[in-house]
Amino acid sequence: MINILAVGAGGFVGAVLRYGVSAAFVSKLGLHNAFATFSVNMIGCFVIGFLAGFEFRNIQPVKYFLIAGLLGGFTTFSAFGLDALLLFKDGETFKAIMYITCTLCLCLLSVFAGFAAFKMIN
């Protein structure tokens, strides 16, 4: 039961952070929401790669809070799909293809970079 509560609490925090990033990109920077989604996914992939180095033996609720909850609520691959669709619908084919390509490649690299960062400090 504690793990379920940890996921829920982390999901709440992650979703609120995600909303804040999106609001800042759109209202404060005047950028398309795709840039917010891209940034969130890059950050989330780096952090999950970093956390992959930890062994959460006796602190499973922390693992569930951070990985399933916080990062699950923060990263947004469903929003990624919607943003790509909207770019295509708006006739921004080149931007859509670049967005999809950069997101997939750079987010995967971010996971590896996060793990490498963990290894460097441990």
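Student: Which residues line the largest pocket?

Tutor: Keep in mind that this is a predicted model. The lining is made of His32, Ala34, Phe35, Phe38, Leu87, Asp90, Glu92, Lys95, Met98, Tyr99, Cys102 and Thr103. The space in this largest pocket is about 260 Å³.

Student: Which elements give two or more residues to that lining?

Tutor: Two helices do: α2 (33-51) and α5 (93-121). The most comes from α5, with five residues.

Student: How do the lining residues divide into nonpolar, polar and charged?

Tutor: Seven are nonpolar, two are polar and three are charged.

Student: Now the cysteines. How many disulfides does the structure hold?

Tutor: Start with the idea. A disulfide covalently joins the sulfur atoms of two cysteines. The cut-off here is 2.5 Å between the sulfurs. This structure holds zero disulfides.

Student: Is Cys45 buried or exposed?

Tutor: Check the relative accessible area; buried means under 20%. Cys45 has 14% relative accessibility, so it counts as buried.

Student: What about Cys102, with its relative accessible area of 27%?

Tutor: Cys102 is partly exposed. Recall that Cys102 is also one of the residues lining the largest pocket.

Key:
Residues numbered from 1 in each chain as written. Predicted model: local features only at pLDDT ≥ 70, side-chain atom pairs only at ≥ 80, totals over all residues. Heavy atoms only, no water. Buried < 20%, exposed > 50% of the residue type's maximum accessible area, 1.4 Å probe, protein only. 1 Å grid on protein atoms, 1.4 Å probe; cavity = no way out; pocket = protein on both sides within 12 Å on 5 of 7 lines; lining within 4 Å. Points joined across faces, edges and corners; volume = space filled by probe spheres on them. Helix = DSSP H or I, 4+ residues; strand = E, 2+ residues; numbered from the N terminus. Nonpolar A, V, L, I, M, F, W, Y, C, P; charged D, E, K, R; others polar.
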